[in-house]
Amino acid sequence: MERRIARYRPTYAPPAWERVEHEVRATVARAAPLTTHRARDLLTALTRIAVFADQHGHPPDARRWLDPAMVEYFTAVGCPEVREAARANYRSCLTAIRQAVYGPDLPGGKPVSLSSSDPSAPYTSTEKAGLWAWAGGQPTQEVRRGLRLLLVLGLGCGLDTNEIIPLRGPDVRTLDDGAQVLSVRGGRARLVICSRPYERALAEAGEHSGTGSLFRPGCQARGSNTVTDLIYRASRDPRVPRLVMGRCRATWLVDRMNIPIPLTVLLAAAGLDSLHALSRLVPHLKTIGAQQAATILREMP
């Protein structure tokens, strides 16, 4: 069994595999699976979360990978292309490894239902209000300010996590009518008009950061885990859904698709060059009655 684990290599191994392979193999070997089939399942699940963590800037450390918060985050947003049953199996395998290798050193509570962790499911109006109140109720000003800015950038501007890190104070500009314009950097550089409910908070964040980083200006280490680390540090409230930036962006997209908004405008604001990324959101759009649909179709020029 040890030899099979030592020779394991995932199909179509990503570049990150070379950075995590030793820790993956060593950790699964310590879990001591009894069958080759079980070993393969554990290796696959641990490889998936290891690569996911590597993409977020985390070092190759199984204790970090198997932290309950990391496992929950991974199953919520790290494997959106697989079915719920597969995500549940990944979580089961990762929990089994954690218990076998670390025992009480890494305790975990009862997992949340995966059915409520759909990374494409937009937040409801009630959930958005709950998240805003939750962010404002954190024990330190740094966490309060950081979480509310994440909500502003996700729900109000539709940004991805990797678009948040490079932002700086001067990227926020105020127009003559009071509208807040955000200049997004990187490969999807664009201008985004912040939605009205979040304008004041974005303007204040721009003023607070000065010429420094917009998000967590006092944080010197800038990496893809700068966002997730702050979310992990926040005090949880069981009445409020977990803050997932992918869901914030999905909420922003669905809200605008329901207006409706011209597709060319939406694609430009979202930094997209095709409709493919929007197809997964179709099940979350509002439905209308047959009579209303008939009226709309008839009145179109």
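The model is predicted, so local features need pLDDT of at least 70 and side-chain atom pairs count only at pLDDT 80 or more, while totals for chains, interfaces and linings use all residues. Residues are numbered from 1 along each chain as its sequence is written, and side-chain values use heavy atoms, with hydrogens and water left out.

**The sheet**

- Strands here are DSSP runs of E with at least two residues, helices are runs of H or I with at least four, and both are numbered from the N terminus; two strands pair if DSSP finds at least two bridges between them.
- Strand β1 (residues 172–174) is joined to β2 by three bridges in an antiparallel arrangement, and T174 has Q180 as its bridge partner in β2.
- Strand β3 (residues 190–193) runs antiparallel to β2 and is joined to it by four bridges, with L191 in β3 as the bridge partner of S183.
- Four of the five residues of β2 (residues 180–184) are buried, where buried means under 20% relative accessible area, exposed means over 50%, and partly exposed lies in between (1.4 Å probe, protein chains only).

**The hairpin turns**

- The hairpin of β1 and β2 has five residues between the strands, and G178 there takes a positive phi near 95 degrees.
- β2 and β3 also form a hairpin with five residues between them, in whose turn G186 has a positive phi of about 95 degrees.

**Helices and surface**

- D255 is found in helix α12 (residues 245–257) and is partly exposed, because its relative accessible area is 32%.
- The C-alpha atoms of D255 and Y198 are separated by 15 Å, although the two residues lie 57 residues apart along the chain.
- I296 lies in helix α14 (residues 290–299) and counts as partly exposed, because its relative accessibility is 41%.
- I288, I296 and M300 form a nonpolar surface patch with about 290 Å² of accessible area together.

Note on methods:
Patch = residues over 30% accessible without salt bridge, like charges linked within 9 Å, V, L, I, M, F, W, Y side chains within 5 Å. Areas by Shrake-Rupley, 256 points an atom, 1.4 Å probe, with all protein chains shown as cover. Salt bridge = Lys/Arg side-chain N within 4 Å of Asp/Glu carboxyl O.
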